[in-house]
Amino acid sequence: MAAIEFQTARLRLRQWCDADRAPFAAMNADPRVREFFYPTILPRADSDRMVDVCQAHIEQRGWSFWAVETLATRQFIGFVGLGVPSHALPFLPCVEIGWRLAQAHWGRGYATEAARAALQVGFEQLALDEIVAFTAAPNLRSSAVMAKLGMQPDGRFEHPAMPVGHALREHLLYRLSRERWQALSAQQGQ
């Protein structure tokens, strides 16, 4: 399948390239960026493996977690996209939406802007019936983005990748159906 790439008013979502690896590794070594992940710091080899997996998925099926750059600077700022969870989660099968941006780019609405565009790809081009999102319960920033996207809370679960008793084991699940997305898009005039 051909790689799906697209842009928003301020951002371009695209296939990964080798130049993204160093800034992505730096982002994954930032404890603030990885505050709600386990382990907190991701070694360079693991960061590079994530890039490899995303590249392979985009090559195979046309979509995954896309590299994100600003249109103004063409600077890599993180990733946003769609994925199939690799852990045995209690709500599988599903497609999730996710994002991770370098701290210097927080607070500008980039995650919400790019995620809205990724949802549009998921519902219009891929014809998905539903897209989910989940985050560690203390991650208020990601929960706020999920709410801005119109996603609805659907309970809590224990993430199997987190050690039992870990403060981040409890996760929140959000869902968005194609019908709700269409209704919200119509209200917003998209």
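I count two rings of Phe, Tyr or Trp (its six-membered ring) as a pair if their centres lie within 6.5 Å. Planes over 60 degrees apart make a pair edge-to-face. The model I am reading is predicted.

**Entry: aromatic pairs**

I searched the whole structure and got 11 aromatic pairs. I opened W16 and F24 next. Their ring centres are 5.0 Å apart and their planes stand at 70°, so I logged the pair as edge-to-face. I then checked burial. W16 is buried, and F24 is buried too.

I followed F24 to its pairing with F79. That pair is also edge-to-face, with 6.0 Å from centre to centre and 65° between the planes. Which elements hold these two residues? F24 sits in helix α1 (residues 21–28) and F79 in strand β4 (residues 76–83), so the pair ties together parts that are 55 residues apart in sequence. Is F79 buried or exposed? F79 is buried, as is F24.

I then looked at the grouping. W16, F24, F65, F76 and F79 make up one aromatic cluster.

**Entry: charges over rings**

I looked for arginines over ring faces. R61 lies over the face of W63, 4.1 Å from the ring centre. R100 lies over the face of F37, and here the figure is 4.3 Å from the ring centre.

**Entry: backbone exceptions**

I listed departures from it.

Y38 and P39 are joined by a cis peptide bond, with omega at about -5°. I placed P39 in the loop between α1 and α2 (44–61). L92 and P93 are also joined by a cis peptide bond, with omega at about -5°. P93 belongs to the loop between β4 and β5 (96–101).

Then I turned to phi. R74 is not a glycine, yet its phi is positive, at about 60°. I found R74 in the loop between β3 (65–70) and β4. How does R74 count in terms of accessibility? Its relative accessibility is 48%, so R74 counts as partly exposed.

A127 is not a glycine either, and its phi is positive at about 55°. I located A127 in the loop between α3 (110–125) and β6 (130–136). With 45% relative accessibility, A127 counts as partly exposed.

Key:
Residues are numbered from 1 along each chain as its sequence is written. This is a predicted model: local features need pLDDT of at least 70, side-chain atom pairs count only at pLDDT 80 or more; totals for chains, interfaces and linings use all residues. Side-chain values use heavy atoms; hydrogens and water are left out. Rings of Phe, Tyr and Trp (its six-membered ring) pair if their centres lie within 6.5 Å; planes under 30 degrees apart count as stacked, over 60 as edge-to-face and the rest as tilted. Buried means under 20% relative accessible area, exposed over 50%, partly exposed in between (1.4 Å probe, protein chains only). Helices (H or I, at least four residues) and strands (E, at least two) are DSSP runs, numbered from the N terminus. A charge sits over a ring if NZ of Lys or CZ of Arg is within 6 Å of the ring centre and within 35 degrees of the ring normal.
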